[in-house]
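Here is a quick tour for someone meeting this protein for the first time. We start with the whole chain and then zoom in on a single residue.

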Amino acid sequence: MFENARVFETTLAGRPLVVETGKMAQLSNGSCLVRYGETVVMCNVTASAKPREGVDFFPLSVDYEEKLYAVGRIPGSFMRREGRPTEKAILTSRVIDRPIRPLFAKDMRNDVSLVCTVMSVDPDCPPETTAMIGASIAISISDIPWDGPISGVVVGMVDGEFVINPTAEQEKRSEMHVTVASTADLVAMIEAGANEIDNDTMFDAIMFGHAANQQIVEFIKGIQAEIGRPKFAFESNDPDPAMFEAVKEFAIEKVRYALDTDDKLIRDERLRPVYDEVHEKFDEQYPEQGAKLEECLYKLQKYVVRRWLLDDGKRVDGRGINEIRPLAAEVGILPRTHGSGMFTRGQTQVLTTVTLGSTGDAQLLDGIDDETEKRYMHHYNFPSYSVGETKPSRGPGRREIGHGALAERALVPVLPSIEEFPYTMRLVSEVLSSNGSTSQGSICGSTLALMDAGVPIKAPVAGISCGLVTEGDRFMTMVDIQGLEDFFGDMDFKVGGTKKGITAIQMDLKVHGLTPAIIKEALQKTYDARMYILDEVMLKAIPEVRPELSKWAPKMLSTKIDVDKIREVIGKGGSVIQKIQADCNCKIDIEEDGSVFISAINGDDAKRALSIVETIAKDPEIGAIYKGRVTRLMTFGAFVEIAPGKEGLVHISKLDVKRVEKVEDVVTVGDEVMVKVTEIDEQGRLNLSRRDALIEVEGLTPENNADEAPRGPRPARRDGGFRRDGARDARRSRRED
């Protein structure tokens, strides 16, 4: 039945990589099932027969679909089926998109859809790179025009040694997670998170991954040569060369004048009449080709910017090639937030805020990996007004999610551990204006906000981008690219890091790939720029982390209790923990290992809750002093609850430093009093003394006659004695009824 079914096998990082084709999804333009270890990903690519009309871009969509059956889990949503893609799935879609998109013809307008479906997951064999390899195979063997193949691997560093596609156990110990995609001879994409890795080590890691990719690229070429289909011809959307030359001759000086300014608003204002004049001049000559006239103007702007850079060493705004735009940094802008920082670079401006919460505020994750929650979140918002446009807000798109994740990744290596700083942290970067590299501005803004909030980060992090223009063997890199240099250039190489080293990289390309020389130069230029930003701007705005948290931030205390005591702290149906939270105006989170985190706006409330929790979890000791609440009055004394379920008797002779005639003269039900444990009898009943606590804590002196009343034996009680589990009161109620 499946006469076209084929199987191709190789190994990658010592694990089998098996590709199956011709058996499933035979209506796709290209399809394959890739097995890497026990990870299985199906990749399908389809293309429309005709170009989409009315678009001025190549309509490619890439979807990485996580199926929870791949890890034997039922989705936790109400509908019990997968909903919108997880953040990690969106980020993986972007990582696959970036290296394959530049290899399609820029003038093709046929819709192309790539879907990578994760069907089985082996934690030791990453599905993300498996999907990237599968995507490359599916497109390569299809009839869709493409200049691939590519391959992708993850590079880790364990015990000082580079590792390709580290296992789950190795990943926990790795100092870096670097995804490298390559063509046959160039590096096509880099996405990195690292623990302050120096430039040379990072460069070596990239080259290590690039070398590993060559084996897989050759493997894919072999598959393509054996079963690949002939590529179809498509209708080019490029303007006629004669049209472009005519527009160029008419408008080139007008375009040069329009672009020659450092103000984006002025540039846009100057360009508007140029578009009008070109249409007025050529609409009659080229009827019904208005879109292609505008494409000519786009290409003309690109031509001018690139010729300035390559031939004259001139940048649009007049800066030097390695000169950064004017910088500014401020902190403490918003008085009621827990921390805030604003970073400005030229006309790019980002305001970031910090909100601190309890450990229970961590984000719960429902994906196909082992990560179940996240205590550090960074959200990036890019409103239309930031670029002077009008567009309703519809929530974050893939770009916003990607930029937020990049800034988040850059700060993770310098964050304090949960033991050092038991808080959940949410950062929000609001892009106030955008003219290039807002993601790197949000890295700088995040550092400022965290330091302003008093979060004890290990080192400040800055971010900067490096651009590129190429022509044959010629290339030029420039630091801190603005919008036009991003649009018309060939690369946006974004690097975040500390003075010690790199914490994050994201590389976007419009060409097929980078040579080692370009990568080395970009790493060095971004390092020099980061040092300047940190020393000359950010650390002058706030030289060190604030010593105290904002008064509006919750105060957090933590302790560790025996796991066997967790039930007692929570109580039946949560009754005990809810009462503590209500009485102390706090929030309590208890982990499975017995870690207890208490947060309250008022520090005294947090301390009181901590004392109660520890009293419940740790059996009272003779000589310990507690603050308790009077629950009942008897003629012979008062009962005081020192913690939920733990109550003791203060005999009338131990109520005060002076003689007490009536219990009611000293305390009433509901009073909070300090008491000292003086005795724990054989049945676990507590004898307490307010008198001893007053002497020890407040330094009061007892009167001579204070002990004249004989204490005598502890009075017998109708309820049979104190029971810590609360059964005493229930039994009394039943008898009285």
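## Overall shape

The chain has a radius of gyration of 34 Å, while a compact globule of 737 residues would come in near 27 Å (taken over C-alpha atoms, with the globule rule being 2.2 Å times the number of residues to the power 0.38). Along its principal axes, the C-alpha trace spans about 115 × 65 × 50 Å.

This is a predicted model, where local features need pLDDT of at least 70 and side-chain atom pairs count only at pLDDT 80 or more, though totals for chains, interfaces and linings use all residues. Residues are numbered from 1 along each chain as its sequence is written, and side-chain values use heavy atoms, with hydrogens and water left out.

## What the chain is made of

You'll find 16 helices and 29 strands here (DSSP runs, numbered from the N terminus: H or I of at least four residues for helices, E of at least two for strands). Buried residues make up 53% of the 737 in the chain (buried means under 20% relative accessible area, with a 1.4 Å probe and protein chains only).

## Zooming in on Thr39

Thr39 sits in strand β4, which covers residues 39–51. Why does Thr39 count as buried? Because its relative accessibility is 0%.

Its contacts (heavy atoms within 4.5 Å) include Val34, Cys125 and Pro127, not counting residues up to four places away in sequence. Ser120 is 81 residues from Thr39 in sequence, yet 5.0 Å away in space, C-alpha to C-alpha. The Thr39 side chain also reaches the backbone nitrogen of Asp122 at 2.8 Å.

Technical notes: Buried means under 20% relative accessible area, exposed over 50%, partly exposed in between (1.4 Å probe, protein chains only). A polar contact is a pair of N or O atoms within 3.5 Å; within protein, one must be able to donate a hydrogen and the other to accept it, and residues adjacent in sequence count only if both atoms are side-chain atoms.
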